[in-house]
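Please keep the sequence and the model in view while reading the sections below.

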Number of protein chains: 2
Amino acid sequence: MKYVYAFKEGNKDMRELLGGKGANLCEMCSMGLPVPNGFIVTTEVCTKYYDENKNLSEDVVREIFTKLEELERESGKKLGDNVNPLLVSVRSGARESMPGMMDTILNLGMNDVVCDCLAKQTGNARFAYDSYRRLIQMYSDVVMGLPKTSFEGLFENIKKQKGIVQDTDLTSNDLLEIIHYYKREYQTLTGHPFPQDVKEQVLESIKAVFRSWNTDRAKTYRRLNHIDDNWGTAVNIQMMVYGNRGTNSGSGVCFSRNPATGEKGLFGEYLINAQGEDVVAGIRTPQKIETLKEILPNCYMEFIRISEKLEEHYKDMQDMEFTIEEGKLYILQTRNGKRTSLASVRIAVDLVNEGKISIEDALLRVDAMRLDEILHPIFEEESLKAAPVLARGLAASPGAAYGKICFTKEEIQEKYQKGERDLILVREETSPEDIEGMHLAKGILTLRGGMTSHAAVVARGMGKCCVSGCSDLVINPINQTILLKDGSILSANDFISLDGSSGMVYKGIIKTKDPTGSYEFDTFMSWARDKKKLGIRVNADTPRDAGVAKKFGAEGIGLCRTEHMFFDEKRIFNFRQMIIAPTKEKRMEALNSLLPYQKEDFIGLFQAMKGEAVIIRLLDPPLHEFLPKTEEEILNLAVSLGVSFESLKEKVSSLKEFNPMMGHRGCRLDVTYPEIAKMQARAIIEAAIEVQEENISVSPEIMIPLIGDKKEYDFVKSLLEEEIHLVEEEKGRKVSYKIGTMIEVPRAIVKADEIANVAEFFSFGTNDLTQLTFGFSRDDANKFLKDYYENHILENNPFTSIDEEGVGKLVDLATRLARKEKKNIELGICGEHGGDPKSIDFCHRIGLDYVSCSPYRIPCAILAAAQASIKANQSK
Amino acid sequence: MKYVYAFKEGNKDMRELLGGKGANLCEMCSMGLPVPNGFIVTTEVCTKYYDENKNLSEDVVREIFTKLEELERESGKKLGDNVNPLLVSVRSGARESMPGMMDTILNLGMNDVVCDCLAKQTGNARFAYDSYRRLIQMYSDVVMGLPKTSFEGLFENIKKQKGIVQDTDLTSNDLLEIIHYYKREYQTLTGHPFPQDVKEQVLESIKAVFRSWNTDRAKTYRRLNHIDDNWGTAVNIQMMVYGNRGTNSGSGVCFSRNPATGEKGLFGEYLINAQGEDVVAGIRTPQKIETLKEILPNCYMEFIRISEKLEEHYKDMQDMEFTIEEGKLYILQTRNGKRTSLASVRIAVDLVNEGKISIEDALLRVDAMRLDEILHPIFEEESLKAAPVLARGLAASPGAAYGKICFTKEEIQEKYQKGERDLILVREETSPEDIEGMHLAKGILTLRGGMTSHAAVVARGMGKCCVSGCSDLVINPINQTILLKDGSILSANDFISLDGSSGMVYKGIIKTKDPTGSYEFDTFMSWARDKKKLGIRVNADTPRDAGVAKKFGAEGIGLCRTEHMFFDEKRIFNFRQMIIAPTKEKRMEALNSLLPYQKEDFIGLFQAMKGEAVIIRLLDPPLHEFLPKTEEEILNLAVSLGVSFESLKEKVSSLKEFNPMMGHRGCRLDVTYPEIAKMQARAIIEAAIEVQEENISVSPEIMIPLIGDKKEYDFVKSLLEEEIHLVEEEKGRKVSYKIGTMIEVPRAIVKADEIANVAEFFSFGTNDLTQLTFGFSRDDANKFLKDYYENHILENNPFTSIDEEGVGKLVDLATRLARKEKKNIELGICGEHGGDPKSIDFCHRIGLDYVSCSPYRIPCAILAAAQASIKANQSK
């Protein structure tokens, strides 16, 4: 087993063993780029280190020193030498980049003797002392875990004593004094002098890097980014080059293109007479990369050449670190640069146009998950920098917004009518009754509920920014205030700002800017549409949503939830009349009043979709969701409905359910109240006929929810057909329509063949299917799911990405059963998973016909579908 | 196609075509018994009649008249003849007996001419007139649907006028007068004279019988008894013999053995000078069959001979109708008699001992479902007759009880302490907190919840009578009264009586009598134990239950629900301390206080089961079930726990769940609070070691509930093993134990192979599995399930008998996946289905190792298991 690799022994494809940084250093070496020489301790040694009780075994140490000797031979320098000393840096480098999460130590190999020698050898005492004090400072922090503040305090004290502002103004004597104090401090805190054994320095640093793999912040980062805890980090040991050797030296970081916008051309900054850490630390303000052209024109030109060569080689935008030592340029690191969604699209399109990558590669390059960031407002960077963070919730629906705190729908409506627009709805949790308020608000903040709570789902549908489950805040409903964790208080009308892409909640106003469409985005999306196989439909309940989705490329409506249509103020009254109707006749009467509204809705949808499929789901939620809960609300409703308080209260309580998710809802409502299904069927078909008469073609598909048995399906289907035939006879016209069902209870999976026999389409409702398959209530599971993630029992929230091994197996089974029975049955998915790239890939693999998602997820879904198709072709 | 069969053309195996009654008439004919001749219109004609818009087609009519002519030829009589007229009866007869549900018309063929002729021919004018008036009365009712009261009123008026009490005292002139009034009434009500066309009479009567197949009461009866609506009824046309021809004539019904006790010997009654309907109608009090020996000894002796011949032929106890016409005995019907459970066992055992049937047949003869009736008290028949019915709920747990209404656990406890024992707990619904009260009550009545509600499950476990879901009653919680549907009111301390086997609720006290064990029962059960293959375990939480079950033949504990153990007053305090503990340390403290209690429970169970398997399930319900709900209760608890009201209220509200069934429960509790699982593991193993030290062997099996994933199982399993190893080390002793899981979420089905790999046993929790597979909340589904039954979408409650096509398929799948991975894995079922014969048959077929049910269902389960095994062998 080989533990240590020289740079010349590796290449870019060895990132699992050598880490990303190490593999790229090897690659650049073999490309002949000016990379300081060095070697890499593998990620396997990291695992071995932990397996062996945090020890470096003798054979590993032996191999490290063998490679070190090789490095000494090749460089002509020698670690700890008093003539031509070698200094090295020790850096972490995991398989996946974890920026800032792990440790780096520079200038190792320095001790009192070497320092003096270096001063003499370079004729630059200031440089030698500066390097030594940096080493002591970093080593104390990273290797010994001593408090940073002790050393920073000493450093600042000397500067103050000397009346110096800039570090570079410290003289060599000043630095010598600092070294003296540093060493004393080191001895005081550790009980030992600063190690003069340079080999010990190197070994201890390597161990420190391994230890940094398991800091809390690193573990948290890995959990959030799905990086395996067992991968471990490699350690890069590299000959030092010095950016702090004077005014013809410096260090910088630079992207080969703008990571925020994707614009072509170098984008970066550097500091003259500084080591790399200074650029990041922000002690001095770095200069823009362009200015290097004036100061060190040769270096600049070479950097441009190298940057282009690296892009050409890696076929992607590069994020590079460099150091200039006395006019000579060195590259210390390169990697594919992180970028905004906006930039990722532009860069991908540009790279295709430059002939560097194929369209397929371009499509695979962009993270579909983040694509909708491009469609939502974002905070202005300057304004964001100064904003105080109040709390953090879940990033439930992307976009940024600021506004006045409003606690109720009524507050929002009142302010909106007065012309105010910057309003944030803050609720314990939202319910369907809040939809009006959510619609008028700029953003929504809820204290309970997860990524798939009512607030989150509806907000995503509206393309509206939402932070959900922000449990650090407490609403005091009596005096209408929000209590923060630090004890301070926010009132109605105070301004807050929400970032629905990060889950952050800020105090006051942070200005936002609108996203801008671009030529590159349009090109990119047209490529994606070309490559995808899956149809992309939208979950939309209103003509407005349908219109937005159509603009984004939706090819039909995969789910229109008719219940949302009843929360409008004019309608809810009739709907409630329907619910409390004591007889079938009274219920019919109320339903008849609702008919024109429903019809109007459907006309709008058919007009918007111009002949594309429109799947309309029959009423789904339990009826109690439409009734008020508090005594006061019940009293008000009783008065307006003209019934007694007692009788209404009794009705409300008789509709109460222990587990509403599994209660009297879905098609079960139609079994009990066939007249509801009939009214909805009538509205759909009458609307279809009217739109057809405008010479717009229509393709209505009526979807029966929550079916678990063929007989149940047959029962509801005949109700619908009965009414449809009546309408067709009355109107003397026919409409071609489909009837199908949602597959969302596990029993429907087992019965999929029988049901397929009589249904024209299936739409997998994977939200409910996930709930029932796991036995997880979506509204309650967040409480314990965090314990599942922490204990690695679950890696993902199964409501976010479909659980392929469980729920997915069931969907696959139903697909096969259904296709066996009816080869061309239309199969799709309309749960939240329909907008999730990983789940879309799954849907492609099992051969569904389409996915359906919320309007603002359409571009994401199109891209994900294209990626799924490309990947499937590649793996053939 | 043949529509009509003469009696001589059929036999007893043709009941599908000829109905039960018809087939048996044919059989008796061919046995040479004295059966009046006749013919049968088939059940297929009934279906045809409905298919053809309620018409008898010409070919059917033609065949009826052909058979009628044959009957005339064979009898020498002629329908409508004025010399030797033939009269016939027309009776229904479906494939399965539906006693009293459908119609019969006697004396058809009578008109003015025939009546006179018959008077002359028989020299018995009274008989002729009585027969005619009976015909008009029945025909008006059954064929024409005229109000019964009109004719009954006329009849009573004449009797009053004449000062007559007994019908038999009416003279022939009186009867002539009645006929006159009847015919006038008939004409007034119908607009036509009473039909003198005797063929019309017959055809209309046949149609009337067909119509009676679809009366509401018949439909309801079929639904309740799972009789297919499409089977239809046959019609039996039979030559009349006359029990009303004088004092040497009569009619009666008689069983070949006592249907209540099973005792050998005739059991029946008869009336002299009467037609069959009079015996049933109860106008005169019939005489016991034994008295016939004195009055008509020849008839009596022949009847005994025939009865024995029929029993010998049918190998079962017979229920016979007979008529004596002028000293000659005729048998009009025979069928296998309905009987009580007690009788069914005794008869089956006697028939074996008499060499008439095999043990296998005997075991198949007894309805396993009803077997536990034998184990519970029943109402005294006399006392029951007079009792006014208040309402009807679900027959949730068998047995009968009367007692004072108590609305709370506290009321029961108070009265019980004063020495009162006859107490009925009446609750909206019960919760685990009511267990104490349920335990002290004689019976339980709930207004909400179904056959598998908390009340029902717990009551069955206790062997206590329970009527659940009695939604006709309304509790007024403020003045502690029950409002009845008729507006009347019951208060606390009023007496009611419950029949948990029928669901009936009566007013006042109905005396009960205890069941008595018998030699026959013991013999019968030992046969059943011999024949069964499935193991039978019990769901028991206390040593008392375990003891009862062991006595009934349980072979281990299949489910001990540890949560029930925490509701004891002493323990609930510590348990609540555990729930609200702010830190792990505080929680451990509270758990340590619970440890001795838990250990004590388990010691009792191990001692009771003496080495047989004891499956102990870890804590399952969500924690909020253990906390109070009202503000007042919370305040009281806060005081006794020494915490602030606000903090406790916040805790209670933070534990609240939208869908508790799918919430933070089962193994999810152990993931969040590993210390709970550890305490329970410690209690189990410490108890096992202590019992082992008493030289009693122990076989503890620790069951992890609600597992959906292998990783989840592994996590909890290692917690348990860690603690078990600690205990074993501390005590210096080892225990052999198993760890396994409940399979109750659909995901566990899909993952059954992976889980089987690490689990030592599976127990299918088909209650929850049914909930999640259908998406039916057990607590809410009753509201809509009735609509499902009515519309024939579902035939059975899937919580009562396992849904073989859905849930059953999943159980079967998991069984196969598990056995593929681990051939000898122990597989059983512990849901309510474990006590249901149909489900037990399923468990046998898919090859489970055992079923587990509540203590009082053990004999039923043993019998059902034996029946399953016998049937499986027979079908090989």
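## Salt bridges and the basis of the model

Over all chains the structure holds 148 salt bridges, a salt bridge being a side-chain nitrogen of Lys or Arg within 4 Å of a carboxyl oxygen of Asp or Glu. This is a predicted model, in which local features need pLDDT of at least 70 and side-chain atom pairs count only at pLDDT 80 or more, while totals for chains, interfaces and linings use all residues; side-chain values use heavy atoms, with hydrogens and water left out. Residues are numbered from 1 along each chain as its sequence is written, and chains are lettered from A and ligands numbered from 1 in the order in which they are written.

## Chain A as a whole

Chain A contains 34 helices and 33 strands, where helices (H or I, at least four residues) and strands (E, at least two) are DSSP runs numbered from the N terminus. Taken along the principal axes, the box filled by the C-alpha atoms of chain A is roughly 105 × 65 × 55 Å. Of the 876 residues in chain A, 60% are buried; buried means under 20% relative accessible area, exposed over 50%, and partly exposed in between, with a 1.4 Å probe and protein chains only.

Among contacts in chain A between residues at least 6 apart in sequence, 69% join residues at least 24 apart, contact meaning heavy atoms within 4.5 Å.

## Where chain A meets chain B

The interface brings 49 residues of chain A into contact with 49 residues of chain B. Between them the two chains bury about 4600 Å², 55% of it on carbon and sulfur atoms; buried area is the accessible area (1.4 Å probe) that two parts lose on being put together, summed over both. In chain A, the residues that lose the most area to chain B are A:Phe658, A:Met662 and A:Arg747, which together account for 16% of what that side buries.

Six salt bridges are counted between chain A and chain B. A:Lys711 forms a salt bridge with B:Glu795, and the closest N and O atoms of this pair are 3.9 Å apart.

## Selected pairs within the chains

In chain A, the side chains of A:Asp372 and A:Arg857 meet in a salt bridge at 2.9 Å, N to O. A:Asp372 lies in the loop between helix H14 (359–365) and strand E13 (378–379), and A:Arg857 in the loop between strand E33 (850–853) and helix H34 (858–874), so the pair ties together parts of chain A that are 485 residues apart in sequence. Both A:Asp372 and A:Arg857 are buried. Another salt bridge, at 3.8 Å from N to O, joins the side chains of A:Arg617 and A:Asp620; A:Arg617 counts as buried at 6% relative accessibility, and A:Asp620 is buried with a relative accessible area of 7%.

In chain B, B:Lys738 forms a salt bridge with B:Glu701, with the closest N and O atoms 4.0 Å apart. This pair links distant parts of the chain, with B:Lys738 in strand E30 (residues 738–743) and B:Glu701 in strand E29 (residues 699–704), 37 residues apart. B:Lys738 is partly exposed, with a relative accessible area of 29%, whereas B:Glu701 counts as buried at 3% relative accessibility.
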